[in-house]
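Visitor: Hi, could you walk me through this one? I'm new to looking at protein structures.
Guide: Gladly, let's look together and take your questions as they come.

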Amino acid sequence: MKADAVRGHLDGLLLAVLEPGPLHGYAIITAVQRRSGGALELRTGTIYPALNRLERLGLLSSSWESAAGERRRRAYELTDAGRATLAGERAAWSEFTAAIGAVLNPGPQIAGGAQPGLAT
């Protein structure tokens, strides 16, 4: 999938994969790739600036964690504001996909050229 397809939706993708709980950067990349069936491969140079921006906006919080034998890494998690923003992203995505779907896959036409359920 083209990188341009993700543009404008990156914040929503990151917030969605963090919804279940805290993750570090590589785990975020892996979660996006797994949940997209391998179609989306984000680069570290893309997600870390976005994570930092989302944290500055108060949508994420982060903390340093370390596991036995591993180096320290920063884990990110949603704030209440991040959860609210994710709900808005989901609603906007539903509206967007419905509108695009109506254009790309039009239903049967009725008399006068209008589609059922659409105002003219």
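**How two helices cross**

Guide: One place to start is the pair α2 and α4, which are roughly perpendicular to each other, and please keep in mind that this is a predicted model.
Visitor: At what angle do the axes of α2 and α4 cross?
Guide: The axes of helix α2 (residues 10–18) and helix α4 (residues 44–56) cross at roughly 80° and come within 10 Å, and because angles from 65 to 115 degrees count as roughly perpendicular, the pair falls in that class.
Visitor: And which residues meet there?
Guide: From α2, the residues L10, D11, L14, L15 and L18 meet T46, I47, A50, L51, R53 and L54, which belong to α4.
Visitor: OK, zooming out, what is the order of the elements in the chain?
Guide: Starting at the N terminus, the order is α-α-β-α-α-β-β-α, which comes to five helices and three strands.
Visitor: New topic: which residues make the nonpolar surface patch?
Guide: That patch, of about 430 Å², is made by W93, F96, I100 and L104, and one of these residues, F96, is found in helix α5, which covers residues 80–104.
Visitor: Why does F96 count as partly exposed?
Guide: F96 has a relative accessibility of 43%, and partly exposed is the class between buried, under 20%, and exposed, over 50%.

Notes. Residues are numbered from 1 along each chain as its sequence is written. This is a predicted model: local features need pLDDT of at least 70, side-chain atom pairs count only at pLDDT 80 or more; totals for chains, interfaces and linings use all residues. Side-chain values use heavy atoms; hydrogens and water are left out. Patches are made of residues with over 30% relative accessible area and no salt bridge: like charges are joined within 9 Å, nonpolar side chains (Val, Leu, Ile, Met, Phe, Trp, Tyr) within 5 Å. Accessible areas come from the Shrake-Rupley method with a 1.4 Å probe; for residues, only the protein chains shown count as cover. A salt bridge is a side-chain nitrogen of Lys or Arg within 4 Å of a carboxyl oxygen of Asp or Glu. Helices (H or I, at least four residues) and strands (E, at least two) are DSSP runs, numbered from the N terminus. Buried means under 20% relative accessible area, exposed over 50%, partly exposed in between (1.4 Å probe, protein chains only). Axes are lines fitted to C-alpha atoms, for helices over the stretch in contact, and angles run from 0 to 180 degrees between N-to-C directions. Angles under 35 degrees count as roughly parallel, over 145 as roughly antiparallel, 65 to 115 as roughly perpendicular and the rest as oblique. Contact means heavy atoms within 4.5 Å.
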